[in-house]
Amino acid sequence: MAELGLASRREADEWIAKGWVRVDGEAVSELGSRVGPHQRITVDPAAREAQARRVTILLHKPVGYVSGQAEDGYQPASVLVRAENRWRGDRSGIRWHPTHARGLAPAGRLDIDSVGLLVLTQDGRIARQLIGEDSEIEKEYLVRVRYDRPGRLPDVFPAEKLKLLRHGLHLDGHALRPAQVSWQNDDQLRFVLTEGRKRQIRRMCEAVGLKVVGLKRVRIGRVRLGDLPPGQWRYLQPGESF
């Protein structure tokens, strides 16, 4: 069901337990039941209604908050999802309800020192789309850096090292996917990645002698951070997709 994009694995388990899933017209009651490629899976309309009520939040994460569970005394970014922090520019038309702040999971990480667009969702399909192993969704970052040689960085930073950032680095024993990396201005790089290993950009920069002094995510797929202020959030609009 997850591979077909019908539901997340957790949703599928819930639906099966509630009797909302049928294979070739027969209700499925056992988790992990095998389904052949020519069999037809259908779900009860109640499952679709439950899925439609799940929301996705776009948050401009500030420094000092962690993306997921609280750790080392730092609060999770989800604590910012409160009625008073909703951006006045939100044009989704969705009416706030306290249940929208429950069960939110981060679909991708931003470390405590990084800022920018963070997706928090109740919808397992969106989480899979953004962070699943086969995800090809682009994530765009603006990264301010320092280098140990004086001068304008695009002039003094070796071209072969910039080429290495684009392709050829390994982290944790794995080759990184090709990335788009270019100079945005005299001390800022623009990164576009299709993966998200832990502290990936900081470690990539460290590998070529650059120190990251500021990192901001400005886009995930077709969704941009735009004018969303730090610490505020908005809903993913109906019809808006990554």
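Me: Where is E136 found?
Reply: Helices (H or I, at least four residues) and strands (E, at least two) are DSSP runs, numbered from the N terminus. In this structure, E136 is found in the loop between α3 (124-131) and β7 (139-146). The model is a predicted one, in which local features need pLDDT of at least 70, side-chain atom pairs count only at pLDDT 80 or more, and totals for chains, interfaces and linings use all residues. Residues are numbered from 1 along each chain as its sequence is written, and side-chain values use heavy atoms, with hydrogens and water left out.

Me: Does E136 count as buried or exposed?
Reply: Buried means under 20% relative accessible area, exposed means over 50%, and partly exposed lies in between (1.4 Å probe, protein chains only). E136 counts as exposed because its relative accessibility is 57%.

Me: Which residues gather with E136 in a patch of negative charge?
Reply: A patch is made of residues with over 30% relative accessible area and no salt bridge, like charges being joined within 9 Å and nonpolar side chains (Val, Leu, Ile, Met, Phe, Trp, Tyr) within 5 Å. Asp and Glu count as negative and Lys and Arg as positive, while His and the chain ends are not counted. The place of a charge is taken as NZ of Lys, CZ of Arg, CG of Asp or CD of Glu. Accessible areas come from the Shrake-Rupley method with a 1.4 Å probe, and for residues only the protein chains shown count as cover. Here E136 gathers on the surface with E3, E133 and D134.

Me: How many salt bridges are there?
Reply: A salt bridge is a side-chain nitrogen of Lys or Arg within 4 Å of a carboxyl oxygen of Asp or Glu. By this rule the count comes to 15. One of these joins the side chains of E140 and R219, with 2.7 Å from N to O. This pair links distant parts of the chain, since E140 lies in strand β7 and R219 in strand β12 (residues 211-220), 79 residues apart.

Me: With what else does E140 form a salt bridge?
Reply: R224 forms a salt bridge with E140, and their closest N and O atoms are 3.8 Å apart. This pair also links distant parts of the chain: R224 is in strand β13 (residues 223-224) and E140 in strand β7, 84 residues apart. A network of salt bridges links E138, E140, R190, R219 and R224.

Me: Which residue forms a salt bridge with R197?
Reply: The partner is E195, and the closest N and O atoms are 3.8 Å apart. R197 is partly exposed, with a relative accessible area of 30%, whereas E195 is buried, with a relative accessible area of 12%.

Me: Why is β7 largely enclosed by the rest of the structure?
Reply: Of the 8 residues of β7, 6 are buried, so the strand is largely enclosed. As a general idea, strands of a sheet pair through backbone hydrogen bonds, either parallel or antiparallel. Two strands pair if DSSP finds at least two bridges between them. In this case β7 pairs with strand β11 (residues 188-193) in the antiparallel sense over 6 bridges, and with β12, also in the antiparallel sense, over 8 bridges. R144 stands opposite Q188 in β11, and its bridge partner in β12 is G214.

Me: What is the order of the open sheet of 3 strands?
Reply: The order is β2-β1-β3, with antiparallel pairing. β2 (26-27) and β3 (41-43) stand at the edges, each with a single partner strand, so one side of each is left without a neighbour in the sheet. Strand β1 (residues 21-23) is joined to β3 by 3 bridges, and the two run antiparallel. V23 stands opposite I41 in β3.

Me: Which value does phi of D24 take?
Reply: Phi of D24 is near 50°, a positive value in a residue other than glycine. D24 is placed in the loop between β1 and β2 and counts as partly exposed, at 45% relative accessibility. Phi of D172 is near 55°, likewise a positive value in a residue other than glycine. D172 is found in the loop between β8 (170-171) and β9 (174-175) and is exposed, with a relative accessible area of 53%.
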